[in-house]
Amino acid sequence: MDLGTIGGFVIGTFCVVGIGMQWQIGPFIDVPSIGIVFGGCAANLMISLALDTLKTMPKSLPLVFKAGKDNPVEIIKKLVEFSEVARRDGILALENVLDQIPDPFLRQGLQLAVDGTDPELIQDIMETEMDNIEARHNDAKSAWDLFRGGGPTWGALGTVIGLIQMLKGGVEDPNALTAGMAVALITTFYGSLIASLLVGPLCDKLAVKNGEEMAIKTIMLKGVMSIQAGDNPRIVEQKLKIFLPRPSAALARMSRNSRWHARKRNPAAAARPLPSFSPLRRSPT
């Protein structure tokens, strides 16, 4: 579970219901206002989007509350291990570990490399798959963005309707005045709630989740291409670390361990003294 998302909703709900409403929810429930705002948003979605796109909305909602299952540091470690196997035993040796790879995207890329597929074709296939994944994510996010944008708009429309009811009823009819004021204010409240707490943050989190997944898929793509090219495992590690937002302690330990194993395999290189450099001196003018 994504504790940040859950914690944010809990804090936001407490701010609105506990601090703002003082736990008095009844006065803020108005059926006509709910019908105007949420019914209007549903009408927007049905008119603007295809039915297949609407079906992606409930499917994408659980992604907001799930923590990322792929750790980029662990993915890099695995790719470095695969590159060591390919460099030591040949790339065909990776066929024995393909069934142990849970991610279908990475498994497909390594399978293509093992089969001797042309590097340009491997990259084209994997990039096309990434484009399709991102397109599906963008379809779901665009639907939720439309929902977010429709909330304040329909809230403003409900406010106009309430004000018209107030003016038509006149000040002589206090019941009409009260009812119109309730619709005018509560519809604005519902629209703002959709944009600021219920739907707005979900759209932003979906964008974040998409960025995280695309970053991991990019690491996998670059790793497969480096393995296919026969790069040194340390070179593979350095290439992939570029795609991390910042160096992590786990990767630092992995880098130190790989250097230690390299010295262990080649003691002569470890014993070789480092070159010394004389300091630069400014030439007299």
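Which hand does the crossing of helix 8 and helix 9 have? The crossing of these two helices is right-handed, where right-handed means that the near helix is turned clockwise from the far one by less than a right angle, and left-handed that it is turned anticlockwise. The structure is a predicted model, in which local features need pLDDT of at least 70 and side-chain atom pairs count only at pLDDT 80 or more, while totals for chains, interfaces and linings use all residues. Residues are numbered from 1 along each chain as its sequence is written, and side-chain values use heavy atoms, with hydrogens and water left out.

The secondary structure of the protein comes to 11 helices and 0 strands. Helices (H or I, at least four residues) and strands (E, at least two) are taken as DSSP runs and numbered from the N terminus. Along the sequence the pattern reads α-α-α-α-α-α-α-α-α-α-α. The protein has 285 residues, of which 34% count as buried. Buried stands for under 20% relative accessible area, exposed for over 50%, and partly exposed for values in between, with a 1.4 Å probe and protein chains only.

Helix 1 covers residues 3-20 and has 18 residues, which at 1.5 Å a residue should span 26 Å; its end C-alpha atoms are 24 Å apart, in agreement with that value. The expected span is 1.5 Å times one less than the number of residues. A kink of about 30° is present in helix 1 and is centred on F14; the bend at a residue is the angle between axes fitted to the seven residues ending there and the seven starting there. The buried residues of this helix are T5, G12, V17 and G18. G8 is also found in helix 1, and it counts as partly exposed because its relative accessibility is 37%. Between G8 and P201 there are 9.2 Å in space, C-alpha to C-alpha, although the two are 193 residues apart in sequence.

The segment before helix 1 contains D2. With a relative accessible area of 13%, D2 is buried. A side-chain oxygen of D2 reaches to within 3.1 Å of the backbone nitrogen of G4, at the start of helix 1. The side chain of D2 is also joined to that of K209 by a polar contact of 3.2 Å. A polar contact is a pair of N or O atoms within 3.5 Å; within protein, one must be able to donate a hydrogen and the other to accept it, and residues adjacent in sequence count only if both atoms are side-chain atoms.

The loop between helix 1 and helix 2 holds Q22 and W23. Q22 is exposed, with a relative accessible area of 51%, and W23 counts as exposed at 56% relative accessibility. Helix 2 (residues 31-48) has 18 residues and reaches 25 Å from its first C-alpha to its last, close to the 26 Å expected at 1.5 Å a residue. Its buried residues are S33, I36, V37, G40, C41 and L45.

D103 is placed in the loop between helix 4 (72-89) and helix 5. At 10% relative accessibility, D103 counts as buried. A polar atom of the D103 side chain lies 3.1 Å from the backbone nitrogen of L106. In the loop between helix 5 and helix 6 (119-169) lies G116, which counts as exposed at 58% relative accessibility. G116 and Q228 are 112 residues apart in sequence, and their C-alpha atoms are 8.5 Å apart in space.

Two packed helices are described by the angle between their axes and the distance between the axes. Axes are lines fitted to C-alpha atoms, for helices over the stretch in contact, and angles run from 0 to 180 degrees between N-to-C directions. Helix 5 (residues 104-114) packs with helix 8 (residues 200-229) at an angle of about 15°, their axes being 10 Å apart. Helix 5 is therefore roughly parallel to helix 8. Angles under 35 degrees count as roughly parallel, over 145 as roughly antiparallel, 65 to 115 as roughly perpendicular and the rest as oblique. Helix 5 passes helix 8 in a right-handed crossing. Helix 8 and helix 9 (residues 233-241) pack at about 155°, with their axes 10 Å apart, and are therefore roughly antiparallel to each other.
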